[in-house]
Amino acid sequence: MTTKTVDVLLVGAGAMSTTLGMILKQLDPSLKICMVERLDHVARESTDGWNNAGTGHAAYCELNYTPEQPDGSINTTKAFAINTSFEVSLQFWSYLVEQGNLPAPKEFINPTPHSSFVWGEKNVEFLRKRYQALSQHHCFKDMEYSEDHETLREWMPLVMKDRDPSDKVAGTRVRYGSDVNFGALARSMVLNLEQQDNFDLLLGRIVDDLTQQADGTWNVKLKNTEKGGSEVINTRFVFLGAGGGALPLLQKSGIPEGKGYGGFPVSGMWLVCKRPEIIEQHQAKVYGMAPIGAPPMSVPHLDTRIIDGKKSLLFGPFAGFTTKFLKQGSFMDLPCSISMSNLKPMLSVAKNNMDLTRYLISEVMQSHSSRVDSLRNFFPEAKDDDWELSYAGQRVQIIKPGTETAGKLEFGTEVITAQDGSLAALLGASPGASTAVSAMLSIVERCFADRMNEDSWKQKIRELVPSYGQNLTEDAELMQQVRARTLSVLELDRQS
């Protein structure tokens, strides 16, 4: 059994780990970093292009980020938080492009207008109020709104084609939305990291155990699935960024901060268009209203995707249920994650979310024709034979210990860190990779607090993210400067 000593161990080779690795290497190139991945390729689980929506989540089109309050007002808090978090990601990617650490922007991000589309008097009223609440703020000042069929036909031709002129519909649009190939982005980051000193990528490694030593470091035992045998990595800091696989690893670590957490896996499926002539008629990400009882990841959308230079058209996602935590995981993932500390929270979530359970069952039971019927709300002329089903990645929603109830189901991402800063884990799903830079910066702040007080780190982090430490929601001038730069550098201001 071989033993290796490093400063940082990154578990998982997806969007989160690669982002944290890039940030830390920019801050201190001398850090010894090791990245381990259970598969034989980088970013092939949830980060892979076909396993997610590729939406650069900026809250321009996602209606579930702006819930309507009981008094009829629109809650914009989450929308502003996600919008400014995505701007942080855009700043970091812009810096990496400028420094030659990432390829040409079109290799991983492409301009794709972000639109919302609703029908029916009640939903139109909601979208109108949402537009009014958001567009008066500088973060959303470029949002457009229309109830006019001709205008909407210009924005989304497929959606409006042969639609009844008497239909009450409405839409919004932000021209400089984006489609992101997070798989290509992560692989480009790893390629850059591999060219630097003191970085190792170990593929085909499964984390067998994590044990904290008396000196505060961690011994992480790895099983080599390719050659057999075991290895031990001794590290001062561990990041568990393994997507759905992060929860079982957090449980293995035994840190008190992870007690009581559970996971609820939700699978996803897409309808993928097989007809090039149809694909070419659509250039946008068009989001609608989520069905009652649906998880946020199931908000229906008709999406233009650019994956490896090829344009595609997807509709979905359709939710499903499996006990796997990873697409290439085990059916025993969910049962093996249940422990005495999280049994009560998980049972209470099961009891209090029967609508979600019924929704998932109905989704699983759908036929191909019924899925295409859902698509026809967005594309009235859709034909069954023009679309095929494709399976997306797994998402594990967070079940956490609650206060009022024994458990609470969370539909977002959450960073969990050990009190001594020696270990961190990221749990959850959407908006996920879009806000990776903000999430990873929060880990650097918590787990490398001493280094963050150094002038060299303070100066460098403001090079990576010029708005760092400032509030983009409140500072309109700064937001304008930041956005002008990122739209230019990442070529999101070019005609899509």
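**Notes on cavities, cysteines and backbone**

1. Two or more lining residues come from each of H2 and helix H16 (476-489). By class, the lining has seven nonpolar, five polar and two charged residues.

2. The model is a predicted one, in which local features need pLDDT of at least 70 and side-chain atom pairs count only at pLDDT 80 or more, while totals for chains, interfaces and linings use all residues. Residues are numbered from 1 along each chain as its sequence is written, and side-chain values use heavy atoms, with hydrogens and water left out.

3. Several terms need their cut-offs. A cavity is a set of points, on a 1 Å grid over the protein atoms alone, where a 1.4 Å probe fits but cannot get out, and lining residues have an atom within 4 Å of a point. Grid points are joined across faces, edges and corners, and a volume is the space filled by probe spheres set on the points. Ala, Val, Leu, Ile, Met, Phe, Trp, Tyr, Cys and Pro count as nonpolar, Asp, Glu, Lys and Arg as charged, and the others, Gly among them, as polar. Helices (H or I, at least four residues) and strands (E, at least two) are DSSP runs, numbered from the N terminus.

4. How many cavities of 30 Å³ or more does the structure hold? There are four. Strands S12 (262-273), S17 (395-401) and S20 (423-428) each supply at least two lining residues, with S17 giving the most, three. This lining divides into four nonpolar, six polar and no charged residues.

5. No disulfide (a pair of cysteine sulfur atoms within 2.5 Å) is found in a search of the whole structure. For Cys34, the nearest cysteine sulfur is that of Cys447, 18 Å away. Is Cys34 buried or exposed? Cys34 is buried, because its relative accessible area is 0%; buried means under 20%, exposed over 50% and partly exposed in between (1.4 Å probe, protein chains only). Cys336, at 58%, is exposed.

6. Val42 sits in the loop between strand S2 (33-37) and helix H2 (77-98) and is buried, at 10% relative accessibility. Leaving aside residues up to four places away in sequence, Val42 is in contact (heavy atoms within 4.5 Å) with Ala13, Ala186, Arg187, Val190, Leu201 and Leu203. Leu201 is 159 residues from Val42 along the chain, yet their C-alpha atoms are separated by 9.4 Å.

7. Ser188 belongs to helix H6 (residues 182-194) and counts as buried at 17% relative accessibility. With residues up to four places away in sequence not counted, Ser188 touches Asn101, Leu102 and Pro103.

8. The peptide bond from Gly316 to Pro317 is cis, with omega near -5 degrees, and Pro317 lies in strand S15 (residues 310-320). Ala43, although not a glycine, has a positive phi of about 55 degrees; it is placed in the loop between S2 and H2 and is buried at 3%. Asn198 also has a positive phi, near 60 degrees. Asn198 lies in the loop between H6 and strand S8 (199-203) and is partly exposed, at 36% relative accessibility.

Definitions and conventions:
1 Å grid on protein atoms, 1.4 Å probe; cavity = no way out; pocket = protein on both sides within 12 Å on 5 of 7 lines; lining within 4 Å.
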